[in-house]
Each structure stands twice: as C-alpha cells, then as structure tokens.
Amino acid sequence: MNSNFDFVKNRKYYFIVSLILVLIGVVSLLTMGMNLGVDFKGGSRVQVHVGKTFSEEQIKKDAEQLGLKPGSVTTAGDNRDIAVIQFADPITKEDYAKLTKAMQSKYGKHVDLQQSTVDPMVSRELARSALYAVLIASIGIIIYITIRFEFKFAFAAVLALLHDAFLVITIFSLFHIEVDLPFIAAVLTIVGYSINDTIVIFDRIRDNLKKTKIKKIQDIEDMVNLSIRQTLTRSINTVLTVLVCAIALFIFGGESIRSFTLALIIGLVFGAYSSIFIASQIWVSLKERELKKKKKLAPANNEA
C-alpha cells in the first residue's frame, strides 16, 4: 500500500460502505431471520451419515412416515453425504431408535446417527447467557479504554466491535448458515482480536498526539494517518497469521467446528477493516467536532 495513502480524508466513504452493509443486515434479519440451531431454539438435531448422495426431501419424508415432524433437513460434510435433521420438539429414545432402524434399513447398515437434544428452557437460557457475555465484554472494554485512554476512544472502539459482530451475523443470515454455541465463541474471539488491533492503533495515536502541536484540524488528520501507517504492517501480519490458521481449521477441521471457523474468518477480515477504517476514523470525527465547538482550530485544508 502507498505509504502516503490518506486513510482519514475519505472516511465518509468508509462510513457509507459500513452503513450500507448494516442496512443489508437489518433487512436480512427482518425478512430471513437467523437459522438458529438446536442450541438456541430447543428441540433435537439428528445427524445421519448416509454415506452417499441423498435427497433432502426424501429424508424428510422418511422421518414423517414414522410420525415425526422434522422442521428442516440440510446437507453437511465435505462430500455432502451427511443429512442434518432438525426437530422443533425433542424426540424420545423410542423415536430415535425407530429412526435409526428405518435409516439403516433403507440406506444400509453402515448408516450412523448422532443425536443432540436441548430443552427449550435450556436454549432460552443459553441465548440469554450469550447476550450477557457480549454485553459484559462491551462494558468491560468501555471501562478499560476509558481509563487507559479517554471515552471517545472507548466509544469508537465499541462501535467498531458492534459493527464487526453485526456484519458476521449479517453474513450468516444472508446465507442461512446455522447459528450454534460455537458461533458465539467465535464472536467473542473476534471481539478479542479486533479490540487488540484497535488498541494498538489508539496507543500510537495517543503517543503521537503528545508529540504533535495541534494548530489546525489538518494536524489531527495527519497525525492519525501517521499512526495508522506506523502500525499497518503489524496489524496486517497479525490478522494474516490468525487467518491462515482459521482457514486451515475450516478446511481440515471437523463439522462440529465449521460454524466457529467460518465466523472467525469473516470476523477477522471485518475486524482488520474496522480497526483501520472505522474505529480510528470515528475518533477523528469526534475529536474534530469537539475542537470545532471550542473554536480552537481552523478547518482542514480538504474541508469545504
């Protein structure tokens, strides 16, 4: 990247891009919702290793013939030879035994079934705990950054984190990817990596702010541009290192961690973007507004 690239000058375009993505997410959530797994809506999830190509509709009919009411059937596995059957209500041991017998009778003795069941009350508690975890993490970050830096830094950092988390949710909603507990773990991991990158940039901004004589708004923008350039290599290298590991886990890891690694990959990309193009730019906008109100500085050269 050009060492003279102006990160701050075009910040309104970064905000517009992010706003468009957020609006897409809002529309997607209102129209399509989230594909919540058993962890969050309760019921039973039965994974059937069919071992060959199958019809999702036929698997659903097979279950219905046993008097069961499957909500949906999706494919899984590298070869798409695994059927995942979702049941809104927990199925009994007797129903599970009947389903196992029927599947093995139709598709062969090699067919393997795995069941996971979550009571609706437990699922609601899990959803509530996940929300509390994100809220507590956000409050902790605000307190920490406010003490170490100032509230404007904290506000910008948390806004960028919420931006990252929401965009990950948007991708999962748009493509109707199942959301389970590992997804929440991924979101909290993303928060950790993203805030780490953001704090590195903010720390450099704070150091450079002490060395800079602010006479006009352009001085603030130049100082933030310098701070981002000084930390850019470190930020990119950190994200790329973790990204390579996450992609390896996604390719070679098991189906049970697929949603975790996918959310992590998406979140790392958005996190790197927000640390450089969103969090620091929000702080610039807040700082310039404060200084303009105090009438201490003249407008920047690039301002109308």
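Before we start, a helix axis here is a line fitted to C-alpha atoms over the stretch in contact, and angles run from 0 to 180 degrees between N-to-C directions. Helices (H or I, at least four residues) and strands (E, at least two) are DSSP runs, numbered from the N terminus.

This is a predicted model, where local features need pLDDT of at least 70, side-chain atom pairs count only at pLDDT 80 or more, and totals for chains, interfaces and linings use all residues. Residues are numbered from 1 along each chain as its sequence is written, and side-chain values use heavy atoms, with hydrogens and water left out.

**Exercise 1. Work out how α1 and α9 pack, and what their contact is made of.**

Step 1: find the geometry. Helix α1 (residues 11-31) and helix α9 (residues 258-293) have axes that come within 10 Å and cross at roughly 120 degrees.

Step 2: name the arrangement. Angles under 35 degrees count as roughly parallel, over 145 as roughly antiparallel, 65 to 115 as roughly perpendicular and the rest as oblique. So α1 is oblique to α9.

Step 3: list the contact (heavy atoms within 4.5 Å). From α1 come R11, Y14, F15, V17, S18 and L21, while α9 brings a set including F270, Y273, F277 and E288.

Step 4: sort by class. Ala, Val, Leu, Ile, Met, Phe, Trp, Tyr, Cys and Pro count as nonpolar, Asp, Glu, Lys and Arg as charged, and the others, Gly among them, as polar. The α1 contact with α9 has 10 nonpolar, 3 polar and 2 charged residues.

**Exercise 2. Which way does α8 run relative to α9: roughly parallel or roughly antiparallel?**

Step 1: helix α8 (residues 217-252) packs on α9 at an angle of about 175 degrees, and the axes are 9 Å apart.

Step 2: that makes α8 roughly antiparallel to α9. Their contact counts 23 nonpolar, 3 polar and 5 charged residues.

**Exercise 3. Describe the lining of the second largest pocket.**

Step 1: On a 1 Å grid over the protein atoms alone, a cavity is a set of points where a 1.4 Å probe fits but cannot get out, and a pocket is an open set with protein on both sides within 12 Å along at least five of seven lines; lining residues have an atom within 4 Å of a point.

Step 2: 15 residues line this pocket, and L131, V134, I169, F183 and I184 lie nearest its centre. The elements giving two or more residues are α5 (120-148), α6 (151-174) and α7 (181-211).

Step 3: by class, the lining has 15 nonpolar, no polar and no charged residues.
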